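Me: Please take me through the strand pairing and one of the helices here, one step at a time.

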Amino acid sequence: MDLLNTLVDKGLRRESPSRAEALAVLATSDDDLLDVVTAAGKVRRHWFGRRVKLNYLVNLKSGLCPEDCSYCSQRLGSTTGILKYTWLKPDQASEAAAAGLAGGAKRVCLVASGRGPTDRDVDRVSDTIKAIKEANEGVEVCACLGLLSEGQAERLREAGADAYNHNLNTSEATYGDITSTHTYADRVDTVQKAHSAGLSACSGLIAGMGESDEDLVDVVFSLRELDPDSVPVNFLIPVEGTPLAKEWNLTPQRCLRILAMVRFVCPDVEVRIAGGREVHLRTMQPLALHLANSIFLGDYLTTEGQAGKADLEMIADAGFEVEGADQVTLPEHRASAVVSGCGSAENAGCGSHEGTGGGCGSHEGGGVCGSVPAAASAAKANEARTDLVAVRRRGAGTDLAPNA
Ligand code: SF4
């Protein structure tokens with residue numbers, strides 16, 4: 001397929017595909033899907049080998065958010081029945097982080113619900129970052145606290161944060177349809193603040209909210225322009241009690257095409273499969289490892305993931321390896337720009353966000369005779385798999401052991 005050969009060549013040169021090429025990836029037929037995965041897999045292996053980076057989420061503050069993000073079970077008015085608690089103390093957060101690190105994670109993502117932190121909140125999170133770094137040499141810490149005010153990114157950097165996550169989530173044109181209490185421009189501004197403060201920027205998207213292929217391509221090209229070191233790809237978990245509870249729009253095949261498109265547009269960036277991995281990729285999760293080089297271990301912010309042990313087995317069975325703390329995630333040209341004070345180099349962030357089971361801050365055609373066009377497979381997606389969605393009842397904020 002000429003398209004795929006072209007995209008591989010461009011990916012190996014870090015050259016952007018055209019919008020038409022990115023749209024064409026989303027429009028490929030099911031008959032061509034393995035060829036798409038193979039092609040994007042070549043780009044993934046060129047920049048990241050067979051390594052899979054594990055990240056671990058700690059929800060520092062859950063629920064009670066005044067914002068109205070439609071995908072989020074922590075939003076104002078949500079009736080989901082999630083865990084609600086205020087700030088974990090540094091030792092509580094450190095204890096939660098330790099479980100993920102013991103399970104093989106190299107990055108801890110500290111997430112808090114809310115529009116953005118107060119200066120007092122930044123103090124609290126700074127104390128938590130220090131506690132986690134003191135207890136775990138070499139650990140990478142990413143903060144995800146919502147919209148940042150002037151100077152807050154610098155203070156988090158001084159406290160030892162390596163990265164900051166804030167997702168664009170969807171295209172600028174449709175942003176107002178999913179959230180009314182802040183703007184797309186607010187989000188871009190926070191990503192830029194993190195970048196400017198020397199934090200490794202992490203910013204991604206949520207697929208499955210009813211957006212068009214054009215919207216998906218728009219947001220991924222906007223992300224390429226912002227140049228984050230990591231891009232979390234969330235697949236909407238339509239959680240009961242949120243406005244998007246009926247949006248079951250994704251198939252495993254659609255998710256694979258989206259991940260492939262993101263890989264082609266952001267070839268040398270840490271692409272992370274975030275919330276919704278188990279719910280939407282289901283038994284196709286191992287194929288997605290050929291596209292993304294990073295996942296979350298264990299549970300998400302407000303929903304439960306598959307057992308951490310199953311994540312590790314899946315990685316090994318698929319022929320990949322967990323990235324060690326002594327391995328640098330990013331390619332040299334990118335890592336050199338984000339070497340942290342402790343000698344770890346990185347990117348990334350929480351990015352697991354809400355409607356995805358996460359937190360804060362943050363369709364097609366084609367084919368030849370007998371092939372199933374992507375649009376047809378998307379139509380099959382309308383079966384609601386609510387049986388795969390479980391609100392998190394363990395780990396941070398509870399007395400029960402975390403999943404890691
Ligand atoms: S995504 Fe973040 S800001 Fe939006 S409602 Fe959820 S917790 Fe609040």
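**Strand pairing and a helix**

Reply: In this predicted model, strand β1 (residues 51-61) and strand β2 (residues 107-112) pair in the parallel sense, joined over 6 bridges.

Me: Which residue of β2 stands opposite Lys61?

Reply: β1 and β2 are paired strands. Within that pairing, the residue opposite Lys61 is Ala112.

Me: Which helix makes a β-α-β unit with β1 and β2, and what is the hand of the unit?

Reply: The two strands run parallel. The helix of the unit is α4 (residues 90-102). With β1 and β2 it makes a β-α-β unit that is right-handed.

Me: How many bridges join β1 to strand β9?

Reply: β9 covers residues 294-296 and runs parallel to β1. The number of bridges is 3.

Me: Which residue in β10 does Val52 stand opposite?

Reply: β10 (residues 321-322) is parallel to β1, and 2 bridges join them. Opposite Val52 stands Val322.

Me: Is β1 mostly covered or mostly open, and how many of its residues are buried?

Reply: A residue is buried if 20 or more other C-beta atoms lie within 10 Å of its own. By that cut-off β1 is mostly covered, and the count of buried residues is 10 of 11.

Me: What is the distance between the end C-alpha atoms of helix α10, and what span should its residues give?

Reply: Helix α10 has 14 residues (252-265), of which 13 are buried. At 1.5 Å a residue the helix should span 20 Å, so the distance between its end C-alpha atoms agrees with that: 20 Å.

Terms used. Residues numbered from 1 in each chain as written. Predicted model: local features only at pLDDT ≥ 70, side-chain atom pairs only at ≥ 80, totals over all residues. Helix = DSSP H or I, 4+ residues; strand = E, 2+ residues; numbered from the N terminus. Expected span 1.5 Å × (residues − 1). Buried ≥ 20, exposed ≤ 12 C-beta atoms within 10 Å, placed from the backbone. Pairing = 2+ DSSP bridges. Right-handed = clockwise from strand over helix to strand, strands pointing away.
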